Amino acid sequence: MKEVMPPIKLLPYRYKRYGLWVLIAGVPFMTLLTFVLISIGLIPRNDAFFDEWSKPIIYYPIIIGLALLNFSEEKEEDEMVQHVRYQAFMTGVLYLIVGLLLLPLFTNIVRLLEGRAIGMPDVGGMLGALALLLVYTYGYFRVRLHQIQKSLEADEE
Amino acid sequence: MRNNIKVERAKKDMTQEQLAEALGVSRQTINAIEKNKYLPSTLLALKMSDLFGMTVNELFILEEGD
């Protein structure tokens with residue numbers, strides 16, 4: 001039977017192992033790479049490591065590793081696994097929205113409890129990325145729904 | 001919704017593993033369907049009804065509130 005909406009293609013199961021390796025070895029590798037770049041002068045100042053390079057060193061391997069884990073098939077991939085994955089992504093995005101929107105509130109509660117002045121934490125980049133994600137998911141959803149409705153109308157004619 | 005898969009599987013003397021292999025899904029999926037933790041797709045329900053030689057309505061029974 002030809003499926004109207006074919007399932008999303010995922011990476012083969014072995015990529016889960018690669019993802020774990022990236023998670024385990026990624027941070028030490030990126031640290032080493034940065035020190036090499038500093039030593040050969042491609043990163044001009046040593047303190048640039050702490051200003052600019054510390055976050056990518058930590059987050060790049062973590063995000064690549066987790067992406068490989070998330071976007072690879074299970075050993076026994078079937079419709080129930082796909083359903084559970086869909087639920088995981090939906091709840092993940094929802095918690096991310098709630099968490100990011102409430103982050104300034106929690107940060108300022110902690111600041112007030114510590115007797116410090118309130119301020120806005122640096123969430124601009126995260127909010128931008130989240131907005132892009134939501135624009136894409138809603139856009140994709142509306143376009144696909146429109147395409148399906150159009151094809152159904154064409155079938156009826 | 002309830003279903004008769006466990007009963008029909010027992011009539012055919014099949015294990016969950018054998019049924020899963022015949023349908024191309026995992027054993028945990030069969031287990032979840034039997035325990036009403038997961039509602040299968042139409043395609044899988046049709047494959048099951050074919051395998052047991054009965055209609056989908058005989059295999060899956062709607063309950064009040066469904």
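Please keep in mind that the model is predicted.

**Where the chains meet**

Let us begin with the interface. Ten residues of chain B are in contact with seven residues of chain A. Together the two chains bury about 770 Å², and carbon and sulfur atoms give 60% of that area. On the side of chain A, the residues that lose the most area to chain B are Asp78(A), Glu79(A) and Met80(A), which together make up 67% of what that side buries. By class, the residues of chain A that touch chain B are three nonpolar, one polar and three charged.

**Helix H2 of chain B**

Next, have a look at helix H2 of chain B, residues 16–23. Its buried residues are Gln16(B), Leu19(B), Ala20(B) and Leu23(B). These residues sit on the same side of H2(B), because they cover an arc of only 100 degrees around the axis. The partners they pack against are three helices of chain B: H1 (5–11), H3 (27–34) and H4 (42–52). Just after H2(B) comes Gly24(B), with a positive phi of about 75 degrees.

**Salt bridges**

Over all chains, the count comes to six salt bridges.

| Residue pair | N to O distance |
|---|---|
| Glu74(A) and Lys16(A) | 3.4 Å |
| Arg116(A) and Glu114(A) | 2.9 Å |
| Glu8(B) and Lys11(B) | 3.2 Å |

Why does the pair of Glu74(A) and Lys16(A) tie together parts that are 58 residues apart in sequence? Glu74(A) belongs to the loop between helix H2 (48–70) and helix H3 (79–113) of chain A, whereas Lys16(A) is in helix H1 (residues 14–39) of chain A, so the pair links these parts. Glu74(A) is partly exposed, at 35% relative accessibility, while Lys16(A) is buried, at 13% relative accessible area.

In the pair with Glu114(A), Arg116(A) is partly exposed, with a relative accessible area of 45%.

The pair in chain B stays within one helix: Glu8(B) and Lys11(B) both lie in H1 of chain B, three residues apart, which is about one turn of the helix. Glu8(B) is buried, with a relative accessible area of 11%, whereas Lys11(B) is exposed, at 61% relative accessibility.

Terms used: Residues are numbered from 1 along each chain as its sequence is written. Chains are lettered from A and ligands numbered from 1 in the order in which they are written. This is a predicted model: local features need pLDDT of at least 70, side-chain atom pairs count only at pLDDT 80 or more; totals for chains, interfaces and linings use all residues. Side-chain values use heavy atoms; hydrogens and water are left out. Contact means heavy atoms within 4.5 Å. Buried area is the accessible area (1.4 Å probe) that two parts lose on being put together, summed over both. Ala, Val, Leu, Ile, Met, Phe, Trp, Tyr, Cys and Pro count as nonpolar, Asp, Glu, Lys and Arg as charged, and the others, Gly among them, as polar. Buried means under 20% relative accessible area, exposed over 50%, partly exposed in between (1.4 Å probe, protein chains only). Helices (H or I, at least four residues) and strands (E, at least two) are DSSP runs, numbered from the N terminus. The arc is that of the directions from the helix axis to the C-beta atoms. A salt bridge is a side-chain nitrogen of Lys or Arg within 4 Å of a carboxyl oxygen of Asp or Glu.
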